[in-house]
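Thanks for asking me to look this one over.

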Amino acid sequence: MATDQLEFTNPVERFASISPPEQRQPEPGLEAKMDPVPDIGEHTYRGTGRLRGRKALITGGDSGIGAATAVAFAREGADVAIAYLPVEETDAANVARIIAESGQRVVQIPGDLMDPEYPSRVVEEAVRELGGLDILVNNAAKQVAIEGLADLSDDQLEETFTANILSMFRLTRAALPHLQPGSSIINTTSIQAYQPSPTLLDYAATKAAINNFSKGLAEELAPKGIRVNAVAPGPIWTAIQPSDGQPIEKLPDFGKDVGLGRAGQPTELAPAYVFLASSESSYVLGATIHVNGGQPTP
Ligand code: NAD
Ligand code: MG
């Protein structure tokens with residue numbers, strides 16, 4: 001079993017270098033059906049009380065990076081609301097179980113970010129059920145690989161922008177009246193914001209927009225004591241990849257071209273979110289933390 005995140009370890013070997021067999025699921029993909037199943041830290045993330053008493057809402061909290069963040073937040077003492085698509089109920093139930101077993105309150109709020117009414121409903125429900133809100137993690141995203149621009153349909157273009165960036169504006173706007181000084185907003189961007197793949201033109205453009213939104217909003221909210229930051233993952237083994245996020249033939253070598261020579265596991269992202277959520281990052285605003293296995297990034 002992998003070591004916990006506080007143990008001294010060789011990052012090359014902390015998690016196995018995986019060669020996933022070619023596999024495909026319909027969007028958004030279920031983590032439980034993946035081969036191998038990604039590691040969201042159930043058995044390895046050890047909390048140290050860094051988010052005691054905090055109340056967090058995480059979109060895409062059913063699987064992958066959002067799920068690993070939800071598990072870590074709970075282990076650090078936060079109550080957590082997770083938002084996800086209704087078809088992801090089994091993954092969400094698994095995360096809810098881990099949070100409950102960690103002794104924290106969990107709220108499940110299924111729905112579709114394509115629906116312009118959903119972002120405000122998610123926030124209202126999270127605030128009602130958690131008794132407030134002081135951490136917002138905008139992490140949900142749609143990623144569907146194409147051959148190139150000529151292959152990009154209008155529907156996909158609009159869906160990618162709605163899911164990844166328009167809904168982030170709506171959700172954050174709905175959360176604002178509930179956030180007080182000390183609160184933290186964390187947006188998931190990507191290495192794609194800096195190194196766009198020709199197969200991910202629409203997705204990569206939304207990720208660049210997320211960086212820009214995070215920096216601008218950080219300036220707006222700084223005087224109010226609310227910090228906004230972003231996390232930029234590199235190649236992480238999650239359900240987004242085998243559900244058309246990558247050309248299927250690329251899956252066996254997924255992530256092998258980074259410095260560490262292996263794909264990352266979702267739980268390796270969690271400490272960055274914990275750091276940005278907690279008061280120990282009180283002087284960090286408008287920043288992007290890169291968690292990408294070793295890819296030079298501005
Ligand atoms: P994931 O599939 O586990 O999580 C993405 C989640 O987005 C899904 O679980 C789903 O709940 C949510 N989602 C998608 N469309 C939605 C919609 N219409 N309405 C509501 N929810 C919706 O994959 P992940 O890799 O953990 O993705 C999390 C974040 O990490 C995303 O923002 C993604 O762009 C980013 N990211 C991932 C990688 C990677 O290699 N996996 C790299 C860079 C950035
Ligand atoms: Mg999912």
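1. Let me begin with the sheet. Seven strands make up an open sheet, ordered S3-S2-S1-S4-S5-S6-S7, and their pairing is parallel. S3 and strand S7 (288–291) each have a single partner strand, so these two stand at the edges and one side of each is left without a neighbour in the sheet. On average, neighbouring strands of this sheet are turned by 15° against each other, direction ignored. Please keep in mind throughout that this is a predicted model.

2. Next, two of the strand pairs. S1 and S2 run parallel and are joined by five bridges; Ala56 stands opposite Val80 in S2. S1 is largely enclosed by the rest of the structure, because four of its five residues are buried. Strand S4 (residues 135–138) pairs with strand S5 (residues 184–188), also in the parallel sense, over four bridges. In that pair, Asn138 has Asn187 of S5 opposite it.

3. Helix H7 (residues 270–277) packs on the sheet, where it touches S4, S5, strand S6 (227–233) and S7. The direction of H7 makes about 170° with that of S6.

4. Helix H3 (residues 118–130) is worth a look for its geometry. Its 13 residues reach 18 Å from the first C-alpha to the last, close to the 18 Å expected at 1.5 Å a residue. The buried residues of H3 are Tyr118, Pro119, Val122, Val123, Glu125, Ala126, Val127 and Leu130. They pack against strand S1 (55–59), strand S2 (79–84), strand S3 (106–110) and helix H4 (154–175). Just after H3 comes Gly131, which takes a positive phi of about 80°.

5. Helix H5 (residues 201–221) can be read in the same way. It has 21 residues and reaches 30 Å between its first and last C-alpha, close to the 30 Å expected at 1.5 Å a residue. Its buried residues include Asp202, Tyr203, Lys207, Asn211, Phe213 and Leu221. What do the buried residues of H5 pack against? Their partners are H4, S5, S6 and S7.

6. Is Lys142 buried or exposed? With a relative accessible area of 10%, Lys142 is buried, because the cut-off for that class is under 20%. Its place is in the loop between S4 and H4. The side chain of Lys142 makes a polar contact with the side chain of Glu27 at 3.1 Å, and another with the side chain of Glu159 at 3.1 Å. Leaving aside neighbours within four places in sequence, the residues in contact with Lys142 are Glu27, Gln156, Glu159, Thr160, Ala163, Asn164 and Tyr203.

7. Now the ligand site. How many residues surround ligand 1? There are 28, and the closest are Asp62, Ser63, Glu88, Tyr203 and Thr238. As for individual distances, an oxygen atom of ligand 1 is 2.8 Å from an N or O atom in the Asp62 side chain. An oxygen atom of the ligand is also 2.8 Å from an N or O atom in the side chain of Gln241. For Asp112, a nitrogen atom of ligand 1 is 2.9 Å from an N or O atom of the side chain.

8. Finally, some backbone details to check by eye. Most residues other than glycine have a negative phi, and most peptide bonds are trans. A cis peptide bond joins Glu27 and Pro28, with omega about 0°. A cis bond also joins Asp35 and Pro36, where omega is about -5°. Pro28 is in the segment before S1, and Pro36 is placed in the segment before S1 too. Glu27, then, takes part in a cis bond and in a side-chain polar contact with Lys142.

9. At 25% relative accessibility, Asp244 counts as partly exposed.

Note on methods. Residues are numbered from 1 along each chain as its sequence is written. Chains are lettered from A and ligands numbered from 1 in the order in which they are written. This is a predicted model: local features need pLDDT of at least 70, side-chain atom pairs count only at pLDDT 80 or more; totals for chains, interfaces and linings use all residues. Side-chain values use heavy atoms; hydrogens and water are left out. The expected span of a helix is 1.5 Å times one less than its number of residues. Buried means under 20% relative accessible area, exposed over 50%, partly exposed in between (1.4 Å probe, protein chains only). Contact means heavy atoms within 4.5 Å. Two strands pair if DSSP finds at least two bridges between them. Axes are lines fitted to C-alpha atoms, for helices over the stretch in contact, and angles run from 0 to 180 degrees between N-to-C directions. A residue is near a molecule or strand if one of its heavy atoms lies within 4 Å of it. A polar contact is a pair of N or O atoms within 3.5 Å; within protein, one must be able to donate a hydrogen and the other to accept it, and residues adjacent in sequence count only if both atoms are side-chain atoms.
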